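I opened my notebook beside the structure and jotted down what I looked up. Here are the entries, in the order I made them.

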Amino acid sequence: MSGAERNSQGTDGAGDDTPPFRYTAGIAGDIERDWQRRWEELGSYHAANPVGPLRGQDAASEKLFVQDMFPYPSGSGLHVGHPLGFIGSDVYARYHRMLGRNVLHTMGFDAFGLPAEQYAVQTGTHPRTTTENNIERYLTQIRRLGLGHDERRRVATTDIEFYKWTQWIFLRIFHAWYDTEADQGRGRARPISELEAEFASGERATPDGTPWDELGRDRQREIIDSYRLAYLSEAPVNWCPGLGTVVANEEVTADGLSERGNFPVFRRNLKQWMMRITAYADRLVDDLDRLEWPDKVKTMQRNWIGRSQGAEVRFALEGRDETIEVFTTRPDTLFGATYMVLAPEHPLVDEILAAPEKFGEWPAGTDPRWTGGYSNPAEAVAEYRRFAATKSELDRQENKDKTGVFTGLRAVNPVNGELVPVFAADYVLLAYGTGAIMAVPAQDQRDWEFASEFGLPIVRTVDPPADFEGEAYTGDGPAINSASEATGLSLNGLSVEDAKTKVVSWMEQHGHGSGSVQYKLRDWLFARQRYWGEPFPIVYDEDGNPRGLPEDQLPVELPEVAEYSPRTYDSEDADSQPEPPLSKASDWAEVELDLGDGLKHYHRDTNVMPQWAGSCWYQLRYIDPDNDERFVDPENERYWMGPRPDRHGANDPGGLDLYVGGVEHAVLHLLYARFWQKVLYDLGHVSAEEPYRRLYNQGYIQAYAFTDSRGVYVPAEEVVEQDGKYFYGGEEVNREYGKMGKSLKNSVSPEEMADAYGVDTLRLYEMSMGPLDASRPWATKDVVGSHRFLQRLWRNVIDERTGEVRVTDEEPDVELLRALHKTIAGVREDYDALQFNTAVAKLIELNNRVTKAYSGAVGPPRAVMEPMVLLVAPLTPHLAEELWSRLGNERSLVQGPFPVADEEYLVDDTVEYPIQFNGKVRSRITVSASAEQEEIRAAALADSRVVELLGGGEPRKVIVVPGRLVNVVG
RNA sequence: GCCCCCGUAGCCCAAUCGGCAGAGGCGGACGACUUAAAAUCGUCGUAGUGUCGGUUCGAGUCCGACCGGGGGCACCA
């Protein structure tokens with residue numbers, strides 16, 4: 001029998017002679033059911049709001065808002081890895097509740113999404129039915145874990161009352177624009193009505209200067225629409241025929257496949273809803289500095305937003321009126337720009353193709369490598385563009401050989417008037433910057449490679465160090481070859497930074513360009529052609545103009561449909577068209593409404609919002625789940641999320657106090673949610689500038705999986721280890737490390753563990769197996785260790801044979817008091833820092849000490865066991881409540897008290913110092929804790945072993961580290 | 001290719017400001033209880049911190065190079 005198998009029987013497999021009152025899985029289960037029922041009756045986890053239906057006295061206390069990342073209620077059930085973060089946040093929340101804080105901790109469901117819809121397509125079951133069943137099942141599982149959630153605050157994004165407010169927020173965003181001038185140029189969202197008023201009053205000029213009144217209604221609407229933070233755009237989007245929907249940039253993998261389903265994604269021009277998240281790019285980057293988040297996540301967001309400082313430079317074209325504008329981060333290297341490159345899809349390339357006759361022949365003496373073998377530029381460019389279009393993202397990624405073709409055009413380098421050839425090449429991307437670059441081979445490796453391929457000149461303009469052996473040099477150094485008599489500009493001798501400053505101001509003076517900032521971040525594609533999502537609160541009038549519905553017409557409920565699936569296509573069919581399922585519900589989509597200008601016919605928007613919509617604001621609904629007047633009451637919002645400069649510093653942006661979840665949401669959810677929060681803040685609906693003040697990424701519980709010689713997974717719990725090899729049914733199997741999952745046959749459910757040991761044991765084990773933020777392998781056989789600790793703790797309080805309480809009223813001796821108070825101090829510190837594994841170790845240590853001293857007829861002192869029960873309560877709340885109550889306490893310990901360490905017992909009378917001789921421990925001395933350095937030094941030098949080692953000589957040096965050690969250097 | 005994190009006992013993990021390498025758990029060995037086993041309880045090992053070099057009175061901790069594992073980014077001008 002393998003260890004895993006034996007231990008998974010847990011303590012229910014105990015024999016008949018098990019003492020009747022031992023803490024076994026059976027007793028644990030009884031206690032857990034009992035206390036969960038009592039907590040529910042008492043409303044123990046109800047958090048009080050300042051106002052509204054959940055108003056309560058406790059709202060006078062200091063608050064703590066703890067949140068777990070919104071789970072998707074999957075139908076497949078939880079394994080032991082899922083609740084790791086949930087338990088961690090629960091322990092933290094319970095600890096603070098015991099300290100007297102008003103703690104808001106609950107959990108709702110991000111319940112829209114593809115799985116329920118796909119199930120509906122297969123079986124005809126309504127997604128709502130599937131979703132609600134899954135939520136019930138999920139709740140059954142997490143309730144058993146004894147998480148202290150406020151059940152009154154549970155929400156699901158699919159609740160009509162919830163998505164009504166998601167639609168309401170969408171309308172706020174739709175009816176807003178970004179005033180880049182506001183707040184000293186930082187920018188702020190403002191209601192669109194204010195923009196219209198500015199145009200109407202003439203305070204703001206219209207795009208072409210025509211007075212507002214003279215513009216037609218349609219033109220006015222067009223201008224206004226172009227400012228909205230949620231807007232319709234006919235722009236290249238990621239069309240995924242295999243899914244039948246468009247997806248966001250963030251949902252496309254680097255290989256150009258959809259994150260969900262792995263289908264090819266194509267860039268297509270389609271009319272779609274977009275969110276102007278780019279307006280917030282600077283604030284989204286800058287405010288990261290105000291957050292207590294892991295650096296890793298901040299870095300990922302910074303990279304994703306991709307802000308880079310540089311300059312835009314205009315190059316005139318020889319013999320033509322057009323100019324080419326480029327973005328560069330290295331304007332200091334302009335003198336080294338020896339050619340230019342356009343993306344193959346650049347508009348100027350379009351012009352060449354549209355009117356080839358104007359672009360003539362190759363200039364005399366054109367290098368044959370530049371022509372691609374074609375007889376004129378237009379032909380070469382057309383062929384090159386065709387070639388570039390056939391390359392998939394994957395090809396581009398794998399094959400970084402530089403290709404390109406000369407366009408026949410030449411541009412004038414503004415700093416020295418020299419003519420440089422213009423190429424089309426696919427190493428330049430249309431989507432970034434201006435879609436064109438100035439190429440500086442000496443200071444850019446990509447340009448170096450292209451220049452080498454095409455025989456273009458390479459001019460160093462930054463002097464590399466003498467020992468530099470590479471090709472392009474991107475480091476700092478004095479500028480060289482950077483002067484022109486023709487323009488009078490010289491950068492020679494300047495550092496990179498100074499040269500940038502000088503050349504930018506020179507360009508600004510001479511009208512060649514200006515400083516500029518570019519971002520990788522693109523606007524957020526906000527529509528999906530699916531069924532199971534929030535409908536848009538938008539209708540189109542007969543001219544096809546979008547109109548936001550008035551608030552009193554919310555919610556726009558999802559209609560019943562015969563077909564839940566959008567039309568999907570062959571995954572390679574790039575030219576197919578999206579057909580959302582809602583478009584088939586014509587009774588719903590075609591409506592007669594009065595939007596203020598009489599009853600008219602409108603057509604509803606038939607897209608739905610992406611799954612991220614609900615999770616952008618759910619923390620606000622947790623605060624005020626039953627409010628039907630507003631999405632959240634401002635007073636409740638201020639209490640739970642408002643900035644607390646007194647606690648968190650003057651720069652505190654506000655937000656909930658602890659957000660626990662996986663690092664996989666580093667960019668998507670966390671960026672979108674920050675964006676919505678900022679819009680709501682700008683519009684005055686919330687007081688916090690950020691949704692999540694502190695973020696903590698829990699690690700993952702992973703597991704070993706085993707495959708046989710055919711590569712088929714075998715049940716992991718039946719695999720036995722022998723001499724470092726693994727066997728299943730006598731055959732050697734191969735071990736893999738990774739995820740836990742049903743298909744890998746290595747899944748362990750929380751129920752199995754709870755049945756075998758009780759839920760408190762499972763909670764304790766998960767918290768003790770390592771730091772919360774570290775990933776580690778699950779080991780069922782180790783769980784018993786946590787269970788044994790709880791048994792010993794129980795046994796110190798309860799007599800296993802009689803069930804009587806064994807504690808005495810005897811005073812503990814001073815040594816035990818010291819141990820107790822050190823444990824109290826240490827455990828508090830560990831709980832504060834979310835270091836639950838070391839807190840558990842300290843508690844086990846103390847308990848082992850008590851066990852050793854009081855395992856006989858005399859029980860341990862109450863004065864030790866009561867605090868110990870309280871200390872362990874956040875980790876194992878059911879067991880702790882039971883012992884607390886059996887110790888004669890009538891009130892539940894959920895609201896405390898929590899032990900306070902007595903300083904008196906934290907210091908020892910004497911300290912033992914190790915004595916090092918030349919860095920190696922050779923002896924020990926014990927001195928009074930109050931001894932001065934001189935005394936310690938003298939005692940150390942008087943030590944017989946030290947005297948011996950010194951051999952009568954004088955020490956060269958003696959280092960005394962108070963409280964630590966003494967090092968004698970001989 | 002670039003950036004970030006991590007390598008401590010057979011395994012999971014501790015170790016404060018650079019100060020005695022070990023808190024805790026699993027496994028193992030031995031013992032107690034038992035007719036016996038399981039369960040329970042008790043006692044006890046095991047590494048010199050991935051490798052090499054440096055700084056220091058002193059390095060798991062700081063610095064450099066390399067090796068191994070994990071993650072992020074990847075023609076972003």
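This is a predicted model: local features need pLDDT of at least 70, side-chain atom pairs count only at pLDDT 80 or more; totals for chains, interfaces and linings use all residues.

**Entry 1: one arginine**

I began with Arg 276, which counts as buried because its relative accessibility is 18% (buried means under 20% relative accessible area, exposed over 50% and partly exposed in between, with a 1.4 Å probe and protein chains only). Residues are numbered from 1 along each chain as its sequence is written, chains are lettered from A and ligands numbered from 1 in the order in which they are written, and side-chain values use heavy atoms, with hydrogens and water left out.

Where does Arg 276 sit? I found Arg 276 in the loop between strand E7 (266-275) and helix H9 (281-286). Helices (H or I, at least four residues) and strands (E, at least two) are DSSP runs, numbered from the N terminus.

Next I listed what Arg 276 touches, leaving out residues up to four places away in sequence: Asp 225, Ser 226, Tyr 227, Arg 228, Leu 229, Tyr 231, Asp 523 and Phe 675. Contact here means heavy atoms within 4.5 Å. The side chain of Arg 276 reaches two backbone oxygens, that of Ser 226 at 2.9 Å and that of Arg 228 at 2.8 Å. I also noted Phe 526, 250 residues from Arg 276 in sequence but 9.9 Å from it in space, C-alpha to C-alpha.

I then turned to helix H24 (residues 783-797) and helix H27 (residues 862-872), which pack at an angle of about 150° with their axes 11 Å apart. Axes are lines fitted to C-alpha atoms, for helices over the stretch in contact, and angles run from 0 to 180 degrees between N-to-C directions. Which residues make the contact? H24 brings Phe 789, Leu 793, Asn 796 and Val 797, and H27 brings Met 865, Met 868 and Val 872. I sorted the residues of this contact into six nonpolar, one polar and no charged. For the classes, Ala, Val, Leu, Ile, Met, Phe, Trp, Tyr, Cys and Pro count as nonpolar, Asp, Glu, Lys and Arg as charged, and the others, Gly among them, as polar.

After H28 comes Gly 888, with a positive phi near 100°.

**Entry 2: the RNA**

Around RNA strand B I found 51 residues, and Thr 329, Arg 446, Pro 771, Arg 924 and Asn 967 come nearest. Near means that a heavy atom of the residue lies within 4 Å. Sugar and phosphate make up 62% of the RNA strand B atoms within 4 Å of the protein. This surface has 18 nonpolar, 13 polar and 20 charged residues, and helix H26 (residues 836-853) gives its largest share, eight residues.

**Entry 3: the whole chain**

Last, I noted that chain A has 30 helices and 31 strands, and that 55% of its 970 residues are buried.

Technical notes. A polar contact is a pair of N or O atoms within 3.5 Å; within protein, one must be able to donate a hydrogen and the other to accept it, and residues adjacent in sequence count only if both atoms are side-chain atoms.
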